[in-house]
Amino acid sequence: MLRRMLSPAVIAVLAISLWGCGTGNTTEKNNNSSDMDKNQITVNIETTEGNIKVRLFNDTPLHRDNFVKLAKEGYYNGLLFHRVINDFMVQGGDPNSKDAPAGKRLGEGGPGYTVEAEITEPVHIHRRGALAAARQGDQVNPERRSSGSQFYIVTGKKYAPEELSKMEQQLENMKKESIFRRLVMEREDTIRAMSARQDKEGLQKLERELVGMTEAEVAKSPSSLTVEQRKAYTTEGGTPHLDGQYTVFGQVIEGMDVVDRIQKAETDSTDRPKKDVRIINMTVE
């Protein structure tokens with residue numbers, strides 16, 4: 001399928017455009033096993049819709065410690081859940097949302113730093129109630145570093161087994177595209193030069209080489225869901241297409257009914273609730 005999507009012209013365009021700019025948006029182990037029992041920190045998120053309690057994972061220490069630091073400092077107090085999508089997730093943590101007037105586009109703010117990725121899939125996955133870090137897209141953030149403050153809580157939906165099988169193929173294709181993009185960017189200067197001299201034959205040869213390299217890399221780690229992932233997404237629900245893309249660093253243990261109320265808020269064209277849903281306070285327990 002990847003082969004049909006690629007062409008010498010596509011390679012040249014990718015190099016010239018530099019892929020644009022985007023924002024906003026192992027051993028199998030159960031989330032409820034050992035990591036859930038090792039003196040994990042819990043944080044109570046008091047909101048205008050009720051309280052949500054999350055447990056932070058010890059095997060994502062950079063995200064755990066950063067979240068705790070900001071919560072203790074009162075950084076999140078007064079901030080909005082500025083992006084809400086029903087059957088997907090609720091997102092907050094943008095400092096620009098604190099006094100934002102109605103209709104203002106949000107989602108670009110942060111504390112001035114990012115956090116190194118701690119992606120542990122399939123240990124921690126985007127099951128219902130997962131707490132994860134938002135980040136900029138791969139085009140400008142190939143290391144998948146997390147926003148310093150923005151987070152989201154997964155609501156998602158339940159999937160039928162056949163839906164998951166179809167999604168596995170989609171994830172495989174997404175992985176191929178991501179790998180191919182990286183390989184193209186690593187050869188940016190070469191592709192620019194070949195495009196400038198209209199070396200069609202050279203571009204075609206390079207295309208074949210990059211496709212072969214992409215297929216070989218994907219074959220080493222195919223995008224197949226584990227038994228635990230399939231069980232979670234068919235019985236609890238979630239957003240499986242985000243696995244391996246974002247850092248999951250906690251899990252809601254109380255208050256999913258509150259999260260569900262938030263996700264059903266009426267929103268504007270930017271997915272911002274028309275009636276503000278605000279974080280009142282966070283308490284580290």
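Me: Arginine 144 first: buried or exposed?
Reply: Buried. Arginine 144 has a relative accessible area of 17%, and the cut-off for buried is under 20%. Bear in mind that this is a predicted model.

Me: Where does arginine 144 sit?
Reply: In a loop. Arginine 144 lies between β6 and β7 (146-147).

Me: What about the phi of arginine 144?
Reply: Phi is near 60 degrees there, a positive value, and arginine 144 is not a glycine.

Me: Why point that out?
Reply: Because most residues other than glycine have a negative phi.

Me: Which other residue has a positive phi although it is not a glycine?
Reply: Aspartate 271 is one, with phi of about 70 degrees. Aspartate 271 is also in a loop, the one between α8 (256-263) and β10 (279-284).

Me: How accessible is aspartate 271?
Reply: Aspartate 271 comes out at 25% relative accessibility, so it counts as partly exposed.

Me: Step back a bit. How many helices and strands does the chain have?
Reply: The protein chain has 8 helices and 10 strands.

Me: How much of the chain counts as buried?
Reply: 48% of its 285 residues.

Me: And the accessible surface of the chain? How much is there?
Reply: About 13800 Å². Carbon and sulfur atoms account for 49% of that surface.

Me: Now the helices. At what angle do α4 and α6 cross?
Reply: Roughly 130 degrees. The axes of α4 (residues 161-186) and α6 (residues 200-220) come within 9 Å. That angle makes α4 oblique to α6.

Me: Which hand is the crossing of α4 with α6?
Reply: Right-handed.

Me: Which residues meet there?
Reply: From α4, Glu172, Lys175, Lys176, Ile179, Phe180, Arg182, Leu183 and Val184. They meet Leu210, Val211, Met213, Thr214, Glu215, Glu217 and Val218 of α6.

Me: How do the residues of the α4 and α6 contact divide?
Reply: Into 8 nonpolar, 1 polar and 6 charged.

Me: What about α4 and α7, how do they pack?
Reply: Helix α7 (residues 227-235) packs with α4 at an angle of about 125 degrees. The axes are 10 Å apart. At that angle, α4 is oblique to α7. The crossing of α4 and α7 is right-handed.

Me: Which residues make that contact?
Reply: Pro161, Leu164, Ser165 and Glu168 come from α4. Arg230, Tyr233 and Thr234 come from α7.

Me: And how do those residues divide?
Reply: The contact of α4 with α7 has 3 nonpolar, 2 polar and 2 charged residues.

Me: Last topic, histidine 63. Which helix is it in?
Reply: Helix α3, residues 61-73.

Me: Is histidine 63 buried or exposed?
Reply: Buried. Histidine 63 has 4% relative accessibility, and the buried class takes in values under 20%.

Me: What does histidine 63 touch, leaving out residues up to four places away in sequence?
Reply: Histidine 63 touches Val115, Glu116, Ala117, Glu118, Ala133, Ser146, Thr247 and Phe249.

Definitions and conventions
Residues numbered from 1 in each chain as written. Predicted model: local features only at pLDDT ≥ 70, side-chain atom pairs only at ≥ 80, totals over all residues. Heavy atoms only, no water. Helix = DSSP H or I, 4+ residues; strand = E, 2+ residues; numbered from the N terminus. Buried < 20%, exposed > 50% of the residue type's maximum accessible area, 1.4 Å probe, protein only. Areas by Shrake-Rupley, 256 points an atom, 1.4 Å probe, with all protein chains shown as cover. Contact = heavy atoms within 4.5 Å. Axes fitted to C-alpha atoms, helices over the stretch in contact; angles between N-to-C directions. Parallel < 35°, antiparallel > 145°, perpendicular 65-115°, else oblique. Left-handed = near helix turned anticlockwise from the far one by under 90°. Nonpolar A, V, L, I, M, F, W, Y, C, P; charged D, E, K, R; others polar.
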